[in-house]
Amino acid sequence: MSPLEHRRREPAPDVFRLILPLPFPGLDRVNAYLLADEEETTLVDCGIYFPDADRDHGWDDLAAALEAVGATPGDVNRLVVTHPHIDHYGMAGRFVRETGCELWMHEASSADLDLYRDPNATRDRLRDMLKDHGVQAHELDELTSYEDWRAFVSEVVEPTTVLRGGEKLEAAGRIWEIVHTPGHSAAHVCLFDARERVLISGDHLLATITPHIDFRRGEGDPLGEFLDSLHKIEELEPALVLPGHGRPFEDGAERARVVARHHERRLGAITQVIRNQPRTADQITDEIFGTELLHFQKRLALGEALAHLAYLRRRGEVERLETDDGTFVYRKASRPRQVEEEQ
């Protein structure tokens, strides 16, 4: 292995970055991390399950990535999943079945796993929510057609060790603390080595993009949770961040501040849109993100807009009104007050 390849694969001693393929344009790679130890070997995230049989549904890619750093799937004793989205969790069922390893995930992962078990119910709930927020009938089918991700999950598997945050594990000669960082997913966790200030960040903190913050009816305040989680990571002051996508980077505290400012600007933009006239979430999305979006992009943009509106409502900065036809519109609050109603 050349010095360049070694640095790319081992960003910290005994911590190896595995770059795995994804089948999505614009998001074609995901990182997993192998924490090598003489007694135990831990894998953090495991990539996606490919619907077609090429490369054995992605298993060959994972095995090859492990082989490149001197390991095999059978060496892994513990799989830690940072969050149960398909690109980090999709291969988990097969990996656990084939290796017999432990599976560690946060207790809030059950909600995401239910989405894989019953995507039709998920789609129906989303359809009702989007209709209430001004999405026109002719768009509803297209915008709710992305909820069935079962083809990218080898099988739904529950954790053998349920995390709540604060747990510690030994791997790669380090003590790693599980840090619960909800926002991008209610079940999201990071792993932090306090001695060397190394953070395995999953999708919570990325170098060049901000993770998607979605909203589903009944979830409460995902953006507020995300911003609190960013502050938690900022206080840890990671010297080296190993993200779920893209290259490792330094100064995690500064990156957390940059991402928080991005959302502050978006919150300000939304309040400007509704300053003079009440708008539906659909209209706000068009104003903020533009109207030339693909259906999948529009679905993500609506989720982001609703998460920001929920944040503003909770803090009494925005009011929600119901029109005669049952559609919700938003306006700047005339008198600040705290609310805790679902969207």
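A disulfide is a pair of cysteine sulfur atoms within 2.5 Å. The model is predicted: local features need pLDDT of at least 70, side-chain atom pairs count only at pLDDT 80 or more, and totals for chains, interfaces and linings use all residues. Residues are numbered from 1 along each chain as its sequence is written, and side-chain values use heavy atoms, with hydrogens and water left out.

**Exercise 1.** Find how many disulfides the rule gives.

*Solution.* 
- Step 1. Take Cys-101. The closest cysteine sulfur is in Cys-46, 8.6 Å away, so a bond is ruled out.
- Step 2. Take Cys-190. Its closest cysteine sulfur is also in Cys-46. The distance is 17 Å, too far for a bond.
- Step 3. State the count: zero disulfides.

**Exercise 2.** Decide whether Cys-101 and Cys-190 are buried or exposed.

*Solution.* 
- Step 1. Recall the cut-offs: buried is under 20% relative accessible area, exposed is over 50%, partly exposed is in between (1.4 Å probe, protein chains only).
- Step 2. Cys-101 has 5%, so Cys-101 is buried.
- Step 3. Cys-190 has 0%, so Cys-190 is buried.

**Exercise 3.** Describe the salt bridge between Glu-304 and Arg-266.

*Solution.* 
- Step 1. Apply the rule: a side-chain nitrogen of Lys or Arg lies within 4 Å of a carboxyl oxygen of Asp or Glu.
- Step 2. The closest N and O atoms of Glu-304 and Arg-266 are 3.9 Å apart.
- Step 3. Glu-304 is in helix H11 (residues 295-314) and Arg-266 in helix H9 (residues 252-273), so parts 38 residues apart in sequence are tied together. Helices are DSSP runs (H or I, at least four residues), numbered from the N terminus.
- Step 4. Check burial: both Glu-304 and Arg-266 are buried.

Definitions and conventions
Helices (H or I, at least four residues) and strands (E, at least two) are DSSP runs, numbered from the N terminus.
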